[in-house]
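Please look over the sequence and the structure shown here.

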Amino acid sequence: MKFELQDTFTKALPQDPILENSRRQISGACFSFVTPKKTAQPELIHTSKEMASELGLSNEALKSEEFLLLFTGNKIGENSHPYAMCYGGHQFGNWAGQLGDGRAINLGELVHKNKRWTLQLKGAGETPYSRTADGLAVLRSSIREYLCSEAMYHLGVPTTRALSIALTGDQVLRDVLYNGNPDYEKGAIVTRVAPSFLRFGNYEIFSSRQDYKTLTTLVDYTIKELFPEIKSSNKEAYIQLFKSVAQRTLTMIIHWQRVGFVHGVMNTDNMSILGLTIDYGPYGWLEGYDDAWTPNTTDRQHKRYRYGNQPNIGLWNLYQLANALYPLIEDAEPFEEILEQYKNDYAVKYLEMMKAKIGLFTTEEDDAELLSTLEENLQIIETDMTLFFRNLSVITKNDSVVDAVSKIEVAFYSIAELKEDTLEQWKAWFNLYVKRLQKESITDQERMLKMNSTNPKYVLRNYMAQMAIDKADEKDYSLVDELYTLLKKPYDEQPKFEKWFSKRPEWARNKVGCSMLSCSS
């Protein structure tokens, strides 16, 4: 297997002059050169042939010894100069100072068919940014990231991607629930792929240190390499960059809300400058529709990163990026206009998205109220989000209210609760909904097809990922492969996988890994 890596990042930006891999504060540098840790007994578990094709890698290459060694950090490729990036971030609303790639090592950039991809190993060992951590990853979190990033791509959600997952043969000590009960787990490495892994925090760190020279160099690099459509220069270019980042961030979050995805830890160091979903830690999909749900145990009390607050946090994070870029422009007005536009655009795009989810493609005066009432109803009784919206597509313009309710009642976790006032509220809503459908000019069949391309049938529920993890822990990777195959076509019926189109089983309601997760997930 032969491919040549390039590196615009390390050639264009200032490096940390110290080559020693010791934890320290690094100033005036965008990255530090590092060497991945040699592993005891690397073993490839799964590869994405689709992602490999995007990179120009053949099936034979994926099976080669060289691939295994390169993508577990046991061999440094030709022209590869591995590095870890320096960045800071706001964590749970508070400035955390220097963070950086603590367990991610970038191998370089691969160009194929005029597309540039950065290859990154997650869990390949310590870097100067590891702080008190070991820089390693475990099988549990690696499977979750590998499956989810590919699942999100096929859902149409902007995301980083994954090329491979491998065992290291090493044991890694982890305290899963941060409750003082650490245990050893199998070490693993995921190869992540994205045009760039730059985050809001890459810019914040230099602004916080008033290192505007390095900040300017990094912003200029970002525009040249990642936003070539920006033809302006200096201040106007910086404003256009911020506008583009705001628009991409909004698009990503609208998609999250559409499919019921909750990121779980929207710190500014986890926000991609390209508007990609990045850093799959304690994520989850809404099962019971609940605006206030977060999958993150660390966020259990304040629920800052709950499902219903993700759009607001996107805006808050953009404010922090605006503050970081402000010294380059010294004019608040353009930033304020863009941030105000984010709010306005979100309201419009969210309404459009929700209308598409319930099959409304024309405009009526009461549409917003119909949707508002629906969102209230979805929370008066535990209702599975994915099943509800998918089954909504089989309701026809001629259905009675009783017929309509019967077609979606499978989405309710407890039919016994669907009585009296609750049932009457649902009947009232379906009465309005069926009448509203009658105002649509398209046929029931046409509407179903449109709705089914918006509402996935299959998503990676946490209990599904946990089942795959439990099997993989016993060296059975069949469920990893089954879920990977299933999630490549999330909008298709896929009759052979029908068992996955169901509510979360009761045993998974409070099981570790199936409901809330820690930041080590």
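**Helix contacts and cavities**

Helices α5 and α16 are oblique to each other, because their axes cross at roughly 130° and oblique is the class left over once angles under 35 degrees count as roughly parallel, over 145 as roughly antiparallel and 65 to 115 as roughly perpendicular. The model is a predicted one, in which local features need pLDDT of at least 70 and side-chain atom pairs count only at pLDDT 80 or more, while totals for chains, interfaces and linings use all residues. Residues are numbered from 1 along each chain as its sequence is written, and side-chain values use heavy atoms, with hydrogens and water left out.

Helix α5 covers residues 139–155 and α16 covers residues 462–473, and their axes come within 9 Å. Helices here are DSSP runs (H or I, at least four residues), numbered from the N terminus. Axes are lines fitted to C-alpha atoms over the stretch in contact, with angles from 0 to 180 degrees between N-to-C directions. The crossing of α5 and α16 is right-handed, that is, the near helix is turned clockwise from the far one by less than a right angle. In this contact (heavy atoms within 4.5 Å), α5 contributes Leu 139, Arg 140, Ile 143, Arg 144 and Leu 147, and α16 contributes Asn 462, Ala 465, Ala 468, Ile 469, Ala 472 and Asp 473.

Helix α16 also packs against α17 (residues 478–486), with axes that come within 7 Å and cross at roughly 150°. The two are therefore roughly antiparallel. Residues of α16 including Met 464, Met 467 and Lys 471 meet residues of α17 including Ser 478, Leu 479 and Leu 483.

A further pair is α8 and α9 (residues 310–329), whose axes come within 10 Å and cross at roughly 170°. That angle makes α8 roughly antiparallel to α9. Among the residues in contact are Tyr 238, Phe 242 and Trp 256 of α8, and Pro 311, Leu 318 and Leu 325 of α9.

What does a search of the whole structure find? The search gives four cavities of 30 Å³ or more. A cavity is a set of points on a 1 Å grid over the protein atoms alone where a 1.4 Å probe fits but cannot get out, and lining residues have an atom within 4 Å of a point. The largest cavity has a volume of about 60 Å³, volume being the space filled by probe spheres set on the points. Its lining consists of Lys 243, Ala 246, Gln 247, Leu 250, Ile 338, Gln 341, Tyr 342 and Asp 345. Two or more of these residues come from each of α8 (234–259) and α10 (332–357).

Notes. 1 Å grid on protein atoms, 1.4 Å probe; cavity = no way out; pocket = protein on both sides within 12 Å on 5 of 7 lines; lining within 4 Å.
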